Amino acid sequence: MQEQQNTSSNVTGDGIRMAEEIGANLIQMENIQLLPLGDPETGSLSGNIGHGATSFIFVNKEGERFTDEGGRRDDMTLALFEQTDNFMYMIMDSDTYPEGTELNNFGEHINDLVDAGRAYKADSLEELAGMIGVPEETFLASIEEYNRHCPGGDLEGEPDEFGRTLFTDAEKKNNGINTAPFYAAGRVPTVHHTMGGVEINENTEVLDTQGNVIPGLYAAGEVTGGIHGTNHLGGNALTETIVFGRIAGRNAAGYTR
């Protein structure tokens, strides 16, 4: 079984603190990006049973959907903060895990997550409702209403009450959440990305509080601030790290060609 990731000792902003101590200007430190997909114990994104927004729904402890699962990360997380205990369950069927040995995005087997108690697996939706302790009638009604908007449903192609437009592809074997076994996993809000950090120019040179270059100090990646605005788009952070990392490395090494 894959070892559960513990984020408590990961990045803690040491680079930002060190740069600030020598006069670096900090920008957009008030902006962070949240995700509604944290492990309830660690905040890690590991243990996430979902693969794409077309394959799952979120329900709260009352068994009710409460947001567009294909929407903006900040909108989903703010909606989760309004739910009981800031807690939700991700719900999906066997479409993504037909054998149970498939891997999630962290290289974890779904069966291992179930065995470790980090996910639930049931042969019926009624059984799953009992496992996670949500009202069965409400839970079934939430899934039934969602399925109506999926390919083959009587409201196919129409946005649901939350404005969701991403539903299972018609070409897939299963449409909606209707094929056993069924899966659930608890999730809570967690910090995903920090938009704030040290201010740099186009050469990745760090600027001081007066807007002047600090000689010999270059920065790239999440230690920098102001690159993404208040909410970065998925995939942009990796591109930014590579592009600005290359610029910083070349300049720091004195590469001029």
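T204 sits in the loop between β7 (197-198) and β8 (205-207). The model is a predicted one. In this model T204 has a positive phi of about 65°, although it is not a glycine. T204 is buried, and its relative accessible area is 0%. D85 belongs to the loop between α2 (73-81) and β4. With a relative accessibility of 54%, D85 counts as exposed, whereas T204 is buried. A further backbone feature involves a proline. The peptide bond from A180 to P181 is cis, and its omega is near 0°. P181 is placed in the loop between α5 and β6.

The overall layout of the chain comes next. The secondary structure comprises 6 helices and 9 strands. Taken along the principal axes, the C-alpha atoms fill a box of roughly 65 × 40 × 35 Å. The chain has 257 residues, of which 42% count as buried. Contacts in the chain were examined by sequence separation. Among those with a separation of 6 or more, 70% are accounted for by residues 24 or more positions apart.

One helix pair was described in detail. Two packed helices are described by the angle between their axes and the distance between the axes. Helix α4 covers residues 125-132, and helix α5 covers residues 136-148. Their axes come within 9 Å and cross at roughly 125°. An angle from 65 to 115 degrees would count as roughly perpendicular, and one over 145 as roughly antiparallel. α4 and α5 are therefore oblique to each other. The crossing in which α4 passes α5 is right-handed. On the α4 side, the contact is made by L125, E126, L128, A129 and I132. On the α5 side, E136, F139, L140 and I143 take part. By class, the residues of this contact divide into 7 nonpolar, no polar and 2 charged.

A141 is also found in helix α5. Its relative accessible area is 42%, so A141 is partly exposed. A141 and E64 are 77 residues apart in sequence. In space, their C-alpha atoms are 8.5 Å apart.

Aromatic side chains were then considered. The structure holds 6 aromatic pairs. One of them is formed by Y89 and Y120. The ring centres of Y89 and Y120 are 6.4 Å apart, and the planes stand at 75°. The pair is edge-to-face. Y89 lies in strand β4 (residues 88-92), and Y120 in strand β5 (residues 120-122). The two residues are 31 positions apart, and the pair links distant parts of the chain. The relative accessible area of Y89 is 9%, so Y89 is buried. Y120, at 29% relative accessibility, counts as partly exposed.

Y97 and Y183 provide a further example. Their ring centres are 5.8 Å apart and their planes lie at 70°, so this pair is edge-to-face. Y97 is in the loop between β4 and α3 (110-115), while Y183 is in strand β6 (residues 182-194). The pair therefore ties together parts that are 86 residues apart in sequence. Both Y97 and Y183 are buried. Elsewhere, ring pairs link F56, F58 and F66 into a cluster.

Q33 lies in strand β2 (residues 32-38). Its relative accessibility is 2%, which means that Q33 counts as buried. Residues up to four places away in sequence were left out of its list of contacts. Q33 then touches R73, T190, V191, H192, H193, M195, N231 and H232. N111 is 78 residues from Q33 along the chain. The C-alpha atoms of Q33 and N111 are separated by 30 Å.

Key:
Residues numbered from 1 in each chain as written. Predicted model: local features only at pLDDT ≥ 70, side-chain atom pairs only at ≥ 80, totals over all residues. Heavy atoms only, no water. Axes fitted to C-alpha atoms, helices over the stretch in contact; angles between N-to-C directions. Helix = DSSP H or I, 4+ residues; strand = E, 2+ residues; numbered from the N terminus. Parallel < 35°, antiparallel > 145°, perpendicular 65-115°, else oblique. Left-handed = near helix turned anticlockwise from the far one by under 90°. Contact = heavy atoms within 4.5 Å. Nonpolar A, V, L, I, M, F, W, Y, C, P; charged D, E, K, R; others polar. Phe/Tyr/Trp six-rings, centres within 6.5 Å; stacked < 30°, edge-to-face > 60°. Buried < 20%, exposed > 50% of the residue type's maximum accessible area, 1.4 Å probe, protein only.
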